[in-house]
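Here are my notes for you on this structure. Please keep the view open as you read.

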Amino acid sequence: MSAYTLPDLSYDPADLEPHLSARVVELHHDKHHAAYVNGANTALDQLDDARRNRRWADLPGLERSLAFNLGGHVLHSMYWTNLSPDGGGEPTGALRGAIDDTFEGFASFRDLFTNVTVSVQGSGWGILGWEPLGQRLVVQQLATHHDNHLLATVPLLAIDAWEHAYYLQYQNLRADYVTAVWNLIDWRDVSRRFERARSVAA
Ligand code: MN
């Protein structure tokens, strides 16, 4: 039995237009995200096989494959639920307070997050996360799906900066894609993740 399955979208791909085209969302979810789900399941199967057959030389490659593919599955699952046809605007409540305290206002945070996401070298992600040791929000720039990760940080908001997330619609204009995605962010979802991360860490 497979450990991971591809979650359905909670909206129709066309519902995110005009900010993200239906075709971009369909390919991204049905092909790219699905490939990470399959890759994580395959890596787990191969790790079982290596353990049973004592093929220890395979471990570094398989562990790396698991980290890459499971990272992709986790981040895409978050990305789809961070977006909503009813998204946009600004966060409120405790999340807003923490953003204001940490980044000196929402506009300043959005500038930072946009530039972190736009300046990813190659393929990666911009992430807003909760860092439990310091009890603070952090903005992370991930390379691929896991490199550069701040170890205990719980991601709350993830924006995909891989070319497959935008190239069909925005070509090389990654900044235009990130600007458009701000109109889709479901701050209620990000706030729920923030409350859960803080309560677990406490
Ligand atoms: Mn992606």
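This is a predicted model: local features need pLDDT of at least 70, side-chain atom pairs count only at pLDDT 80 or more; totals for chains, interfaces and linings use all residues.

1. Look at the metal site. Which residues coordinate the manganese ion? They are His28, His76, Asp160 and His164. The histidines each use NE2, and Asp160 uses OD. The distances run from 1.9 to 2.2 Å. Along the chain, the donors follow the spacing H-x47-H-x83-D-x3-H. His28 sits in helix α1 (residues 22-52), and His76 sits in helix α2. They are 48 residues apart, so this pair links distant parts of the chain.

2. Stay with two of these histidines. Are His28 and His76 buried or exposed? His28 has a relative accessible area of 1%. This is under 20%, so His28 counts as buried. His76 is buried too, at 0% relative accessibility.

3. Now find the largest nonpolar core. How many residues does it have? It has 43. Leu137, Tyr177 and Trp187 have the most contacts inside this core.

4. Zoom in on Trp187. Leave out residues up to four places away in sequence. Trp187 then touches Gly88, Gly89, Glu90 and Pro91, among others. Its contacts also include Leu95, Ile99, Phe106, Phe109, Leu157 and Trp182.

5. Turn to helix α6 (residues 174-181). Its buried residues are Arg174, Tyr177, Val178, Ala180 and Val181. What covers them includes α2 (59-82), α4 (106-118), β3 (154-160) and α5 (167-170).

6. Next, check Asp189. It is in helix α7 (residues 187-201). Its relative accessible area is 9%, so Asp189 counts as buried. Its side chain makes a polar contact of 3.0 Å with the side chain of Arg193. Beyond four places in sequence, Asp189 touches Thr81 and Asn82.

7. Find Gly122 in the loop between α4 and β1 (124-131). Thr144 is 22 residues from Gly122 along the chain, yet their C-alpha atoms are separated by 8.0 Å. Gly122 touches Ala161 and Arg174, not counting residues up to four places away in sequence.

8. Finally, look at the backbone. Most residues other than glycine have a negative phi, and most peptide bonds are trans. Three places deserve a look on that account. The peptide bond from Glu17 to Pro18 is cis, with omega near 5°. Pro18 is in the segment before α1. Glu104 has a positive phi, near 60°. Glu104 lies in the loop between α3 (93-103) and α4, and it is exposed, at 72% relative accessibility. Gln171 also has a positive phi, of about 50°, although it is not a glycine. Gln171 is in the loop between α5 and α6. With a relative accessible area of 40%, Gln171 is partly exposed.

Terms used. Residues are numbered from 1 along each chain as its sequence is written. Side-chain values use heavy atoms; hydrogens and water are left out. Helices (H or I, at least four residues) and strands (E, at least two) are DSSP runs, numbered from the N terminus. Buried means under 20% relative accessible area, exposed over 50%, partly exposed in between (1.4 Å probe, protein chains only). A polar contact is a pair of N or O atoms within 3.5 Å; within protein, one must be able to donate a hydrogen and the other to accept it, and residues adjacent in sequence count only if both atoms are side-chain atoms. Contact means heavy atoms within 4.5 Å. A nonpolar core is a set of buried Ala, Val, Leu, Ile, Met, Phe, Trp, Tyr and Cys residues joined through side-chain atoms within 4.5 Å. Donors are N, O and S atoms within 2.8 Å of the metal (3.2 Å for Na, K and Ca); water is not among the atoms, so sites may look incomplete.
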